[in-house]
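Work through each task with the structure in view before reading its solution.

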Amino acid sequence: MSKILQFIRHSKSSWQFQVDDHDRPLKKRGVNDALLVSKHLKTILLKPDVIFCSSAQRTKSTATLFVDILELKNVNFEVKKALYDFSGPSVLDAIKTCDDSVTVLMLFGHNYALTNLCNSLGNISIDNVTTSGFVQIEFDQNSWKNIQNGKTTKIVFPKHLK
């Protein structure tokens with residue numbers, strides 16, 4: 001039994017408002033890019049068993065757009081403060097604590113954590129996981145705590161669809 005990890009970086013956020021980084025909303029372009037990518041994934045996406053999402057507003061807003069378009073409202077959705085991580089160790093810890101009954105894990109997070117993890121866990125070098133970017137990595141392992149040496153099987157960035 002393999003494990004499949006689906007990373008989605010939050011959409012482009014707005015710096016227009018004087019709010020804490022954690023509370024920044026999405027820009028209109030961010031909403032449009034999230035809709036573009038999620039609509040593209042609708043016919044090819046393996047439905048996740050669980051969704052992990054950073055507690056940041058921009059990440060939760062991005063996740064809501066994807067969940068709506070991909071019709072994932074019945075999927076277990078967990079907001080995790082530990083995913084508000086920009087380097088990767090806390091995100092990797094969250095992944096490794098995922099229950100082994102989960103085959104497909106979708107995770108909404110931040111850079112540079114996602115780029116670092118895609119490069120360390122997958123087999124394709126990615127310069128930058130763009131905002132609204134989707135990367136899927138498959139692992140030939142039975143346990144999340146042991147994931148390593150995965151195969152990057154899908155990369156969808158907004159620029160690929162424009």
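**Exercise 1.** Which residue meets Asp-33 in a salt bridge through its side chain?

Solution. In this predicted model, the side chains of Asp-33 and Lys-162 meet in a salt bridge, with 2.9 Å from N to O. Finally, consider accessibility: Asp-33 has a relative accessible area of 4% and is buried, because buried means under 20%, whereas Lys-162, at 65%, is exposed.

**Exercise 2.** Where in the chain are Glu-71 and Lys-42, which form a salt bridge?

Solution. Begin with the contact itself, in which the closest N and O atoms of Glu-71 and Lys-42 are 3.0 Å apart. Glu-71 is in the loop between α2 (57–69) and β3 (76–80), and Lys-42 is in the loop between α1 and β2 (50–54), so that the pair links distant parts of the chain, 29 residues apart. Glu-71 is exposed at 57% relative accessibility, and Lys-42 is partly exposed at 42%.

**Exercise 3.** How many salt bridges does the structure hold?

Solution. The structure holds seven salt bridges. One of them joins Glu-78 to Lys-80, with the closest N and O atoms 3.3 Å apart; here Glu-78 is partly exposed at 26%, and Lys-80 is partly exposed at 22%.

Notes:
Residues are numbered from 1 along each chain as its sequence is written. This is a predicted model: local features need pLDDT of at least 70, side-chain atom pairs count only at pLDDT 80 or more; totals for chains, interfaces and linings use all residues. Side-chain values use heavy atoms; hydrogens and water are left out. A salt bridge is a side-chain nitrogen of Lys or Arg within 4 Å of a carboxyl oxygen of Asp or Glu. Buried means under 20% relative accessible area, exposed over 50%, partly exposed in between (1.4 Å probe, protein chains only). Helices (H or I, at least four residues) and strands (E, at least two) are DSSP runs, numbered from the N terminus.
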